Amino acid sequence: MTEKMTAPKIDRLTAVKGMNDLLPPDSAAVEWLEHKVRALMARYAYRNIRTPIVERTPLFVRGLGEVTDIVEKEMYCFEDRLNGDALTLRPEATAGVVRAAIEHAMLYDGPKRLYYLGPMFRHERPQKGRYRQFDQIGAEALGFSGAEVDAELILMATALWQEIGLTDVRLEINSLGQPDERLAHRQALIAYFEQHLAVLDEDARRRLHGNPLRILDTKNPHMQTMVEAAPQLLDCLGKGSLAHFNALKSILDANGVAYRINHRLVRGMDYYNLTVFEFVTDRLGAQGTVCAGGRYDYLFEQLSGKPTPAVGWALGVDRVLELARTSGIGPVNPVPDAYAIVADITAMPMVLAVLQTVRSLGVSVQMHTSASDLMGSMKSQFKRADASGARFALVFGSDEVSAQQVTIKPLRDAGSAQITCALSDIALWAPTLQSSI
Ligand code: ATP
Ligand code: MG
């Protein structure tokens with residue numbers, strides 16, 4: 001008796017919604033940006049810090065503030081299955097950096113300039129420029145109180161836009177003052193919003209007494225006019241806060257950095273004070289903020305550290321790259337310097353040894369391979385070599401192999417002649433091969 005076996009249906013596995021695979025050649029753009037950022041950070045003497053992707057949940061609840069979008073609804077939280085610890089995939093990196101600075105007493109010998117790159121996680125509605133896993137690059141200056149470091153960070157970001165060729169980025173700045181000044185402003189705001197209860201949406205009503213400042217951040221068009229006429233924090237700022245803001249502005253002015261003062265710029269996290277800023281563009285629709293930051297002089301205390309002034313920014317890698325792409329800027333797709341053509345598979349041990357030498361001298365080589373023991377005709381291999389974009393073919397034909405030689409054949413310059421060289425001399429040709437970029 002034969003029974004027909006039906007294979008159980010297995011659902012195709014796909015990536016989690018809002019978490020994207022980054023494939024070549026697109027991944028080259030991220031590497032290109034990261035490379036530029038590393039060089040830039042080195043020029044400003046910022047050093048790399050790498051903190052874990054998973055942190056304890058209270059770090060973000062205490063650091064970012066309970067009544068914030070991130071903590072209220074965007075965090076990926078889970079329990080450690082063994083000890084029940086409350087853990088969270090980091091939604092941002094500043095809190096982790098400050099935790100590490102406190103934990104390792106990093107500032108014992110003075111302030112520190114740090115930068116990071118890596119993935120962040122927020123449970124948001126995925127759309128263009130807004131994902132659930134996204135890369136951020138950030139800079140944090142810990143232990144600095146002066147406006148000149150706020151300015152240094154802004155100038156560093158400006159230098160990055162210049163370096164990668166972005167022109168459509170505008171700077172907006174504001175001052176959030178100090179806690180007592182914000183308290184005075186907050187009371188004035190609550191009083192004002194209470195007079196306009198009918199216009200407030202549900203979100204705003206909920207925030208009215210918990211975090212009225214965030215109502216200024218609303219995207220609800222029906223509330224815009226009312227919000228625009230709300231009392232301004234600037235009128236509640238004391239001498240010190242105004243002096244800090246003025247110092248920042250005069251450094252930006254002296255450096256020819258254009259900015260707009262946006263009184264409604266409040267930022268999503270609770271930890272900011274004094275300077276806040278955003279770099280925005282009109283070319284990315286609703287997701288127009290490419291980089292955002294500010295001063296957070298109270299975060300160390302909030303996380304049980306010693307009072308320590310600090311300032312930083314974070315940029316969204318996806319948004320910066322999308323802006324670069326729409327501006328026609330980006331890396332040239334990488335191609336190998338050379339493509340190795342191999343007539344007979346039995347020559348492979350020797351070929352790989354030669355390629356190992358050439359590659360150790362900095363030449364990038366793509367080797368022809370075949371699914372079977374037959375390497376394919378020279379003609380078809382040359383076609384592949386051509387398609388690879390390489391400027392040279394390294395030809396290991398049967399004549400070459402028996403004479404312990406290799407032929408270097410230019411693929412792009414029709415005029416240049418091919419050269420056959422002894423394998424023992426191959427290192428001498430490495431600079432020629434490499435000059436293909
Ligand atoms: P938004 O107002 O766009 O939600 P945010 O204030 O939440 O931004 P920050 O926490 O300041 O953003 O993060 C800094 C930068 O990281 C943002 O300016 C943006 O470029 C990028 N970013 C933030 N959230 C996302 C996301 N979900 N997907 C992609 N990039 C993001
Ligand atoms: Mg957000």
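Author: Domain bounds here come from an automatic or database domain assignment. This is a predicted model, in which local features need pLDDT of at least 70, side-chain atom pairs count only at pLDDT 80 or more, and totals for chains, interfaces and linings use all residues; side-chain values use heavy atoms, with hydrogens and water left out. Residues are numbered from 1 along each chain as its sequence is written, while chains are lettered from A and ligands numbered from 1 in the order in which they are written.

Reader: What separation is there between the centres of domain 1 and domain 2?
Author: The domain assignment gives domain 1 as 26-177 + 237-326 and domain 2 as 338-434. Taken over C-alpha atoms, their centres are separated by 48 Å.

Reader: Which strands stand at the edges of the sheet of eight strands?
Author: Helices (H or I, at least four residues) and strands (E, at least two) are DSSP runs numbered from the N terminus, and two strands pair if DSSP finds at least two bridges between them. The eight strands form an open, mixed sheet in the order E1-E5-E6-E11-E10-E9-E7-E8. Two of them have a single partner strand each, so one side of each is left without a neighbour in the sheet: E1 (47-48) and E8 (260-261).

Reader: Which residue in E11 is the bridge partner of Ile137?
Author: Strand E6 (residues 133-142) and strand E11 (residues 310-316) are joined by seven bridges in the antiparallel sense. In E11, the partner of Ile137 is Leu315.

Reader: Which residues of H4 are buried?
Author: Helix H4 (residues 94-103) packs on the sheet and touches strands E5 (112-121) and E6, where contact means heavy atoms within 4.5 Å. The cover over its buried residues includes strand E2 (54-56), helix H2 (57-64), E5, E6 and helix H10 (299-302). Buried means under 20% relative accessible area, exposed over 50%, and partly exposed in between (1.4 Å probe, protein chains only). Seven of the ten residues of H4 are buried, namely Thr94, Ala95, Gly96, Val97, Val98, Ala100 and Ala101.

Reader: What is the relative accessible area of Leu242?
Author: Leu242 is found in helix H9. Not counting residues up to four places away in sequence, Leu242 touches Leu234 and Leu237. Leu242 is partly exposed, with a value of 31%.

Reader: At what angle do helix H1 and helix H11 pack?
Author: Axes are lines fitted to C-alpha atoms, for helices over the stretch in contact, and angles run from 0 to 180 degrees between N-to-C directions. H1 (residues 27-43) and H11 (residues 317-326) have axes 11 Å apart, at an angle of about 105°.

Reader: How many nonpolar residues does the contact of H1 with H11 have?
Author: Ala29, Val30, Trp32 and Leu33 in H1 meet Val317, Val320, Leu321 and Ala324 in H11. Ala, Val, Leu, Ile, Met, Phe, Trp, Tyr, Cys and Pro count as nonpolar, Asp, Glu, Lys and Arg as charged, and the others, Gly among them, as polar. The contact has no polar and no charged residues, and its nonpolar residues number eight.

Reader: Which strands are the edge strands of the sheet of five strands?
Author: The five strands form an open sheet with mixed pairing, in the order E13-E12-E14-E15-E16.

Reader: Which residue in E14 is the bridge partner of Ala340?
Author: Strand E12 (residues 338-342) runs parallel to strand E14 (residues 392-396), and five bridges join the two. In E14, the partner of Ala340 is Leu394.
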